[in-house]
Amino acid sequence: MRPNPDWMTMTDVVILEFLQDHDLELTPKSLYRNLTRYGYDIGYSTVRGRVRELEKWGLLEKDGDGYYELSDRGRSYLDGEIDQDELE
């Protein structure tokens, strides 16, 4: 079972699962556009802010060109292999 830290939102889970399901690395703008294309109603400013937060917690990695991808820690989170106290 996945932990649910206080700072995490449902949008965070959508972003993580989307990147995992599609095996993509995307800029915040392209992530926003793809989420919209797949029927998610999440604003660009929300996506931009949430990817920064997810990177801060080590669940996403950002390269030098501004592309975000799921980190190994993010995969471990989605697989339920991280304890709650590791995300607080």
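**Figure 1. Overall dimensions of the predicted chain.** A compact globule of 88 residues would have a radius of gyration near 12 Å, and the chain, with 12 Å, agrees. This radius is taken over C-alpha atoms, and the globule rule is 2.2 Å times the number of residues to the power 0.38. The C-alpha trace spans about 30 × 30 × 20 Å along its principal axes. In this predicted model, local features need pLDDT of at least 70 and side-chain atom pairs count only at pLDDT 80 or more, while totals for chains, interfaces and linings use all residues. Residues are numbered from 1 along each chain as its sequence is written, and side-chain values use heavy atoms, with hydrogens and water left out.

**Figure 2. Secondary structure of the chain.** Four helices and two strands are present, in the order α-α-α-β-β-α from the N terminus. Helices (H or I, at least four residues) and strands (E, at least two) are DSSP runs, numbered from the N terminus.

Figure 3. Of the 88 residues in the chain, 41% are buried (under 20% relative accessible area; exposed is over 50%, partly exposed in between; 1.4 Å probe, protein chains only). Among contacts (heavy atoms within 4.5 Å) with a separation of 6 or more, 52% join residues 24 or more positions apart.

**Figure 4. The loop residue Asp23.** Asp23 lies between helix H1 (10-22) and helix H2 (28-37), in the loop. Its phi is positive, about 45 degrees, although Asp23 is not a glycine. Most residues other than glycine have a negative phi. Asp23 is exposed, with a relative accessible area of 66%.
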